[in-house]
Amino acid sequence: MEVASSARSLPLPLLKKRPRSYLIGASGLGLLPAVLAFGIAVLWPAIAIFQRSLEANPLADPSLVHRPWDNYAKLFSEPLYLDAMIRTLRVSVICTVASILISLAIVVGLTAYRRKEVSSIWIFALIAPILSGPIIIALGWIGLFVNDGIGFMVVNAVRALFGFPEGRVLDTEVAMTIGTIHFVVPFAVLTLYPVARAVPRELLDVSLTLGVRPVATLWRVFLPMCRSGLIAASIIALAMALSAFVNAQFLGGERNLVLTTLVSQLINTFNPTMAAAASAVLVVLGLALVAAYGRILARLEARRT
Amino acid sequence: MRQRGWTSWRILRALSLFIGYGFVLGPVLPVVYNAFNASPIFPAPFEGLTLEWFRSVVTSEQYMSGAIVSIEVGIGATALALVIGVCAAFAVVRGPAWIRGGAATSLLMGPIVIPQIVIGLAILEAASQLSFRLGLAGLIIAHAVFVSPFIIRVVAGALEVQGSNLESAAMVLGSRRTAVLFTLTLPMLRPAIVASAVFAFTLSFVNVPLSLFLSPSNLRPLPIVIYQEMINTRTPVLAAVSILLAFVLLLATGLAEKVFRVRILQ
Amino acid sequence: MDLFKKLDFKRGQVMGNSIKNSGNRREDECSAEWAEEIAARLRAAPLAALGSKPVSRRDALGLIGLGASVIGGASMLTSGPALAQAAKPYKAPDGKGRTLTVSVWGGPTEQAFVKTVVPVFRTLTGANVVFETGSGGERFNKLMAQGALASVDVFINSGENVFQANRLGKLVNVDKALVPNLDGIADWAKLFPYGISYGLIAFGLVRSTQIAPLKSWKDLWRPEFKGKLGMPGIGHTQFPMMLITLAEIYGGSASDVEPAIKKLAELDPVVLAFFWGQWADSAKAGKVLVVPDFNYNLLDAKAAGIDFAFDFPEEKAIAADNTMSIVKGSPNADLAHAFLNVTFDSEVQTQFCAEWRGSPANVNAKIHPKIEGQVPLASDILNKVRFFDLGFIATKRAEWTERLNSQVLTKWK
């Protein structure tokens, strides 16, 4: 956004007659297809979901008394639902932080100080597991996390290190978190990679010539230049972690319900109205988190520049 | 470079790549190993080498037709999402202030955080109320909407970095706006567009929750076939299918890069 | 699905002798000739339903007695007028150029239909059949969301889902004039006027053959099984039935399941499974010795090297109904009825159950030599299984799931 506004303030004597519209896309009309499509496929169904969340469950005992706010009252009072919401938040925040760190490690390793671009095999190796789908990731982690599997041993070694007792890994929050991080990492990498690659090599050279060591150059020059990519990647990571379903289902299971698996369980157990209420909460939660996050990062950026 | 400090950088780089790639590729190991393991249970200790599971996939009509449906939906959804996403990216970066502000931007991210499993059902219901029978087109539109936020993010990011100085220069020199758009702005955005298209296709190709309710009865996308198998029978066939998938995509990308002389991922 | 071919191959090894020596007249039972033969019989005979051998009076009475004792009043479809109607010749609908969509569970059930019912149905009507697969809940929700524009004609699901679908006005009553084979269907299978079961499977105690047979649901709490137990997920179709059974054992009732919930919370299962494949690896590694599950999967499990057996608890196992129904407003209602009719034919049932491994619902169907001794006749296990009030359970399920989630799953960490 900084770049855009600075472009607008360029002196352009020849274009004075149409100062706003010389910029392609300045009218904002580009939003139209998105508004149309989102209206049909998101807004309308979302409103229907909200409506449903206020209704009485048509599949339950019809003699039960129902007031419109009952589902929400229950969501915010029953420990079961509160737990699910808190777990959702916890898992997605951990996933965001971890996946950003991991993808940063990968991207920096692949791009920093390289004159030639890395072969696309490297990138492909990252997205190949994802291309086969989240189910395969779940399958892979199941293979690692089964009793006496490698992942099982590693997790329990870490647990022992911190004094926790040994135990099952599959069907735990740990497994679900790791699986979700794995699902998110390639997307974070794909977001971050083009930005990191575009960092001009000359800038790094200048820094190095001035005597700054490579690692310090990385920290003070390279990373700050990746900031826009980091912002985009972390928002995508957060959003994907919040709405992750398959990994939560197969690695966390019923014992570690997050909002998505809770919703799935509710609609499969004749509770569509409660499912609607839980979805509405997830939507609001997600939008609020993404908005707040975007704002915080934008403010941070404004302060730095 | 005479400079000191390169050793520590090299160690750091090796370490970070090892950890990063180890994490991403680690879970592939049990999948590969079980795909060749003769035991019909997943996961299981080694019982002998077999290619049976691969044969099962290749001769299975439902996996093959599922792959075709997924490719169709993926291409359709990516094309549609590119239109939605690239247009919106321009509005987000260069539009009037009310769009550039945080609210509109986060609303555009909305589809990502909406639980797809429910929205899929709700779309089906909405369409039925309008007496509109959703076919593959419904699935494509839904996929497009839900992958477009990623395109918006990536393309908007690139557009911001790119700035508009070159466009201004071109226009100052007398180029028409459409010419600038198609010969300058979009070609410059090409890496971002291609990257985000790969991204979008991938997301559509692996989507489960939307397709769960929106796929037409006889046209099940591959992830749905796999998902149902995962629930019904957890077998090494699933491992084999994933390996084949990754392998075919690797081959296709490599071939495309050679044939079309593009760098798809870079 | 090809996995099943593989398993079939293995199964052939396990039970190879029985297949080879059975002297069965066809190697490939569901060949085109077989389909043609059945179709011809269905087309020609006015009383096609009764097939080769009519129901003996004694059989029928015995079954009615048993069925009525467990599900009161479900026999509205088998009364006198059925005979009067059956006298009219049955005419198969012409389905050339039409497609019937059948909603069914993917996996073994879908395959059993594909291999046995579909060839006959196709030969009989000329119509094409496509399947919509998914879990029971998914398909129920899809049907619910689609309103008047349902994409399926035949809806095959658990009795609860069928009950709820009917409650929302999505189903029609089965017209027995169009399904003459209904006459051969046992009373226990006639769950609702709109939903008929095509076979019976039992949900009871599955245990490793290393340990002695189990006698009671209470055995789940035996100390030696602590940490060696698998349990169905609480969203499992049969969980509420198990809950009622346990509630009654521990001093509660269907309307007071608290004792069962308290008792369940004491368990600490290793895995929560919806399908045997989910506990298979633990069972193979010896980490699971006992798990409540269906009887019909055990042959697959055995083929995969898991030697587990099924026990009927003395408090009775749970009868799992697999119900066929016809969707309201279906443009293919005639074909849908014909599909039911084919499925309920005694010979088709014999073949179908050989693939599916449940007990046939048609009293004239036999146990195929292929699965002789491995799958019981429904009449042999009717006194060992219990049928439940599905309508009651369906309306209670949401509430019970909530309670199980907060009171039991939190303890099963």
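Two residues are taken to be in contact if their C-beta atoms, placed from the backbone, lie within 7 Å. On that basis, the contact between chains A and B in this predicted model takes 104 residues from chain B and 95 residues from chain A. On the side of chain B that touches chain A, helix H1 (residues 6–25) of chain B gives the most, with 13 residues. By class, that side of chain B has 69 nonpolar, 24 polar and 11 charged residues.

Confidence in chain B should be kept in view here. Chain B averages a pLDDT of 85, and 93% of its residues score at least 70. Within chain B, helix H4 (residues 61–94) has the highest confidence, at a mean of 92, whereas helix H6 (residues 102–113) has the lowest, at 75. Where pLDDT is low, the predicted coordinates should not be read in detail.

The contact between chains A and C takes 20 residues from chain A and 23 residues from chain C. The side of chain A that touches chain C has eight nonpolar, seven polar and five charged residues.

H4(A) is followed by A:Tyr113, whose phi is positive, near 60°.

The largest nonpolar core has 320 residues, and A:Leu192, A:Ala278 and B:Val155 touch the most other members. This core draws at least three residues from each of the two domains of chain C, domain 1 (24–199 + 321–375) and domain 2 (202–318 + 390–409). Leaving aside residues up to four places away in sequence, A:Leu192 touches A:Ser103, A:Leu104, A:Val107, A:Cys226, A:Gly229, A:Leu230 and A:Ala233.

Chain C is divided by its domain assignment into domain 1 and domain 2. Between them, 10 residues of domain 1 are in contact with eight residues of domain 2. Helix H8 (residues 159–167) of chain C gives the most to the domain 1 side, with four residues. That side of domain 1 has two nonpolar, six polar and two charged residues.

Several backbone features in loops remain. Most residues other than glycine have a negative phi, and most peptide bonds are trans. The peptide bond from B:Phe42 to B:Pro43, however, is cis, with omega near -15°. B:Pro43 is found in the loop between helix H2 (28–35) and helix H3 (52–59) of chain B.

A:Asp171 is not a glycine, yet has a positive phi of about 65°. The loop that holds A:Asp171 runs between helix H7 (150–161) and helix H8 (173–197) of chain A. A:Asp171 counts as buried because 23 other C-beta atoms lie within 10 Å, the cut-off being 20 or more.

B:Ser131, also other than glycine, has a positive phi, near 55°. B:Ser131 lies in the loop between helix H7 (116–129) and helix H8 (136–162) of chain B. With 9 C-beta neighbours inside 10 Å, B:Ser131 is therefore exposed, a class that requires 12 or fewer.

Note on methods: Residues numbered from 1 in each chain as written. Chains lettered and ligands numbered in written order. Predicted model: local features only at pLDDT ≥ 70, side-chain atom pairs only at ≥ 80, totals over all residues. pLDDT = per-residue confidence, 0-100. Helix = DSSP H or I, 4+ residues; strand = E, 2+ residues; numbered from the N terminus. Core = buried A, V, L, I, M, F, W, Y, C linked by C-beta atoms within 7 Å. Domains from an automatic or database assignment. Nonpolar A, V, L, I, M, F, W, Y, C, P; charged D, E, K, R; others polar.
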